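I opened the notebook to record what I looked up, chain by chain and then across the contact.

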Amino acid sequence: MALTREQIASIATLARLDLTADEVPLYQEGLSRILEFVGALERADTADVTPMAHPLPGLTQRLRPDEVTEGDGHERYQQNAPRTAAGLYLVPKVIE
Amino acid sequence: MRTLTQLADGLRRRSFSSVELVGALLARIEKSQPALNAFISVAAAEALEAARAADRTLAAGGGGPLTGVPIAHKDIFCTAGMRTTCGSRMLDNFVSPYDATVVARLKRAGALLLAKTNMDEFAMGSSNENSFYGPVRNPWNPQMVPGGSSGGSAAAVAARLVPGATGTDTGGSIRQPAALCGITGMKPTYGRVSRYGMIAFASSLDQGGTLTASAADAALMLREMAGFDPRDSTSVDAPVPDYVAAIEEPITGLRIGLLAEFFDKGLDAENERCVREALRVLEGLGARVSQVSLPNLPMSVPVYYVVAPAEASSNLARYDGVRFGHRCENPRDLTDMYRRSRGEGFGAEVKRRIMTGTYVLSAGYYDAYYLKAQRVRALINADFVRAFQSVDVLIGPTTPTPAFPIGAKTADPITMYLNDIYTIGANLAGLPAISVPCGFAAGLPVGLQIVGPHFSEARVLAAAHAFQRTTDWHTRVPVGYA
């Protein structure tokens, strides 16, 4: 299945990825190849098969009590932040 | 250079000090780095300080099973106060605020963190050519790839720069590089080792494990790493056996299933020769070999390349340039900041997988790709369940070919993806699997793969250990690194 340049642009928008003009044809080719390859799945007979989302059948996600277990580490965490001020993360203005 | 087990023993008996050991390994690492590029960060000062503390503990008659033993962590594991890059420009300046559970447990057992190993960016790759920090080279031949994504860990252990290293295996990322570098690589059952602090790629497949010289070393390291962790919602609350004791179990009567689908037309003749020879060795030890067929297994690579990118596209949405990671210069607005930060911070393969995942999860395609892949995954899993009703372990090659030249498979994504054709099945079904060296093809190592049912690590390790007690492939060291 071949994807168009427009489809690549739309996927990149959904994924919030900026692509350069040179990258578009590369991903067009690569993704088309991958979709053709995974298209082989179509031939598998999966009528009445329950989709498997987890490798340990029957295992359910545990719940934990809703209790505070972590201290306030915001100063430590914010050392990794590109821009902060007064304990807040700064981003470009969202509302005029 | 001795094995992890021997080094731990030597330190306990005070035949040498941890400071001496760390010093010697730091010198080897520094010398190897221009040729192999196996490491992203080396914690020389911190490791020497920890070694001095370990020596004091040992002198006082204290210490745990790994006290004073230096190890390396794949740079996907968070290490408090130290850079954790995941092989990506996105996290080039990221300093982990906490230790991954795996890191904390090995520290608690006494191990010292010597260095962080190079890897394919976000663990996406089979050749270690996708690292922002440059490719790793195979110590057996520097023109060849070491495999990936745990390529730095595999090369480091193969060149005896560290006695053991951690890795992660989402579709073969421990076993495939272990095979290509001639060492032992163990991927435990999904849920056996905590994923807390292990940077997420595909959450239903990712599993931490070990890269060591031998199965005995893997047993020692895994025993200290494994176990329930309330901080990982898919961690399994089941007791961890003493793998070190369990591997001495003889394999007389072990029922081995020879995986028919693994002896396909893609398998290199020399790899096949080595694997069949290994089977004769195991038969000689009292194992009974029969042929087993898993008819849906050839579908595992297409299933993986829907499921793994889908999970990756969700997991990697967190890299938005807001709280940590790369942020572009002078963003016009929030959307521009997201798009350019991600476009600049991620490498080509990571972007390809994010886009593949985004597409297969998008409206109108979800059923045809994602749900369909999850159904075929169930068929593959059912094949394994059926097979394990008549055999104890499944055996086959780890990879179709030995290590290939750097640059040989970068042009076409599918050619690269097919390197993991024999390893992905165990991830889809969450099974424990090990790769052990079983010979050489044209001077390059070949790996034998042993796969067991859920939580059968002890049996898988025992089979590998029995093989290594009668063969010496795992003791071979590349020229120049003895």
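I start with a term: two residues are in contact if their C-beta atoms, placed from the backbone, lie within 7 Å. The model is predicted, so I note that local features need pLDDT of at least 70, side-chain atom pairs count only at pLDDT 80 or more, and totals for chains, interfaces and linings use all residues. Residues are numbered from 1 along each chain as its sequence is written, while chains are lettered from A and ligands numbered from 1 in the order in which they are written.

**Entry: B:Val436**

I looked up B:Val436 and found its place in strand β10 (residues 433-441) of chain B. Strands here are DSSP runs of E, at least two residues; helices are runs of H or I, at least four; both are numbered from the N terminus. I then listed what B:Val436 touches, not counting residues up to four places away in sequence: B:Thr184, B:Ala215, B:Gly447, B:Leu448, B:Ala464, B:Phe467, B:Gln468 and B:His474. B:Thr184 is 252 residues from B:Val436 along the chain, and their C-alpha atoms are separated by 4.7 Å. Is B:Val436 buried or exposed? B:Val436 has 30 other C-beta atoms within 10 Å, so it is buried. The cut-offs: buried means 20 or more other C-beta atoms within 10 Å of the residue's own, exposed 12 or fewer, partly exposed in between.

**Entry: B:Asp55**

B:Asp55 sits in helix α3 (residues 44-59) of chain B. B:Asp55 counts 22 other C-beta atoms within 10 Å and is therefore buried. Leaving aside neighbours within four places in sequence, I find B:Asp55 in contact with B:Ser17, B:Ser18, B:Val19 and B:Gly68.

**Entry: chain B as a whole**

I count 16 helices and 11 strands in chain B. The C-alpha trace spans about 65 × 55 × 45 Å along its principal axes. I checked the radius of gyration, taken over C-alpha atoms, against the globule rule of 2.2 Å times the number of residues to the power 0.38. For 482 residues a compact globule would have a value near 23 Å, and the 21 Å of chain B agrees. Buried residues make up 62% of chain B. Among contacts with a separation of 6 or more, 76% join residues 24 or more positions apart.

**Entry: chain A**

Chain A has 3 helices and 2 strands, running α-α-α-β-β from the N terminus. Its radius of gyration is 22 Å, but a compact globule of 96 residues would have one near 12 Å. In chain A, 15% of the residues count as buried.

**Entry: where the chains meet**

I find 55 residues of chain B in contact with 41 residues of chain A. Which helix gives the largest share of the side of chain B that touches chain A? α13(B) does, with 11 residues. By class, that side of chain B has 30 nonpolar, 13 polar and 12 charged residues. Ala, Val, Leu, Ile, Met, Phe, Trp, Tyr, Cys and Pro count as nonpolar, Asp, Glu, Lys and Arg as charged, and the others, Gly among them, as polar.

I then took one helix pair. A:Tyr27, A:Gly30, A:Leu31 and A:Ile34 in α2(A) meet B:Arg352, B:Met355, B:Thr356 and B:Tyr359 in α12(B). This contact has 5 nonpolar, 2 polar and 1 charged residues.
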